[in-house]
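Welcome, and please take a moment to look over the sequence and the model shown here. We will walk through them together, one part at a time.

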Amino acid sequence: MELSVIASGSNGNCCLIRSNGTSVLFDAGKSFGETARRMAALGKDIRNVDGIVLSHAHGDHYQGIGPIARRLRVPVYVRQEVYSACRKRLGPVDVRHFDGSFRIRDLMITPIETAHDVASCGFVVGRFGIFTDTGCVTAQMREVIPDLDAVLLESNYDEEMLMNGPYPRHLKERIASDFGHLSNDDAGDFICRHGRHLSMVFLAHLSEKNNSAEKVKETFESLNSDQPYVVCSRFRETGTYRLD
Ligand SMILES: [Zn+2]
Ligand SMILES: [Zn+2]
């Protein structure tokens, strides 16, 4: 099984999980062309995608889904309330609703509770976890992490940069709330307490204005561990991680 990070950040999110010939995109915030180009740079062919799973109705996650799903003629897997919130912007697509765990060919996908300002979820697929867009670490995230080998985890903002940054106060409060995003310290703390066994951590969804790759690295280096991690790029594909 392998996880490829295609796009990450408030300007578009997308990753690919592949296992035994099944390829599934999780969110698609970039255009068809950009997604195809980035996948090709990682040696992946977008035409092999079997389905697209949407976490929540924010544009940085769904923007590319309609065009990609129509071009590839693949279904879109989405919770009912998430679909209701963005059906117009998705346009005509072959929708499959999920509630609990579901299967796309031989990939079993389990939604995981996150805490965001709209209906949202993370995912566990085999021994991979995808946890982005959550204002706090949820009980379910803590519950499943011992069984995982690698996670894609949001590390959205540096607390000082957010507080001293250009955003209006209400937006700062939303981001820092329990229904906003995880800070670098939140992500570091979660990994420190619960993720020491992980063989890889992708630190994802960095804010443009309130974070930098250097700040994320600083936080993770200060954990004094030999924790393997990668800071996901806001500008290009990040890479592929394989589990044997
Ligand atoms: Zn997002
Ligand atoms: Zn969001």
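Two strands count as paired if DSSP finds at least two bridges between them, and the helices (H or I, at least four residues) and strands (E, at least two) are themselves DSSP runs, numbered from the N terminus. What you see is a predicted model, in which local features need pLDDT of at least 70 and side-chain atom pairs count only at pLDDT 80 or more, while totals for chains, interfaces and linings use all residues. Residues are numbered from 1 along each chain as its sequence is written, and chains are lettered from A and ligands numbered from 1 in the order in which they are written.

Let us begin with strand S3 and its partners. S3 (residues 22–26) pairs with strand S4 (residues 51–53) in the parallel sense, over 3 bridges. Within this pairing, leucine 25 has isoleucine 52 of S4 as its bridge partner. To get from S3 to S4 the chain passes through H1, and this β-α-β crossover is right-handed; that is, with the strands pointing away from the viewer, the path from the first strand over the helix to the second runs clockwise. S2 also pairs with S3, here in the antiparallel sense over 5 bridges, and isoleucine 17 stands opposite valine 24 in S3. S2 and S3 form a hairpin with 2 residues between them, and asparagine 20 in the turn has a positive phi of about 45°. S3 is mostly covered, with 4 of its 5 residues buried. Here a residue is buried if 20 or more other C-beta atoms lie within 10 Å of its own, exposed if 12 or fewer, and partly exposed in between, with C-beta atoms placed from the backbone.

Now step back to the sheet. It is an open sheet of 7 strands with mixed pairing, in the order S6-S5-S4-S3-S2-S1-S14. S6 and strand S14 (239–242) stand at the edges with a single partner strand each, so one side of each has no neighbour in the sheet. At the S6 end, S5 and S6 run parallel and are joined by 3 bridges, with valine 76 opposite valine 95 in S6.

Helix H4 (residues 80–90) comes next. Its buried residues are Val82, Tyr83, Cys86 and Leu90. Seen down the axis of H4, they fall within an arc of 110°, so they line one face of the helix; the arc is that of the directions from the helix axis to the C-beta atoms. The face turned away from this buried side carries the exposed residues Ser84 and Lys88. Just after H4, glycine 91 takes a positive phi of about 75°.

Helix H9 (residues 213–221) has Lys215, Val216, Thr219 and Phe220 buried. These cover an arc of only 130° around the axis, which puts them on the same side of H9. Exposed Glu214 and Glu221 are carried by the face turned away from the buried side.

What lies in the interior? The largest nonpolar core has 67 residues, of which Cys15, Ile52, Leu152, Leu153 and Leu203 touch the most other members. Such a core is a set of buried Ala, Val, Leu, Ile, Met, Phe, Trp, Tyr and Cys residues joined through C-beta atoms within 7 Å. In soluble globular proteins, nonpolar side chains tend to be buried together.
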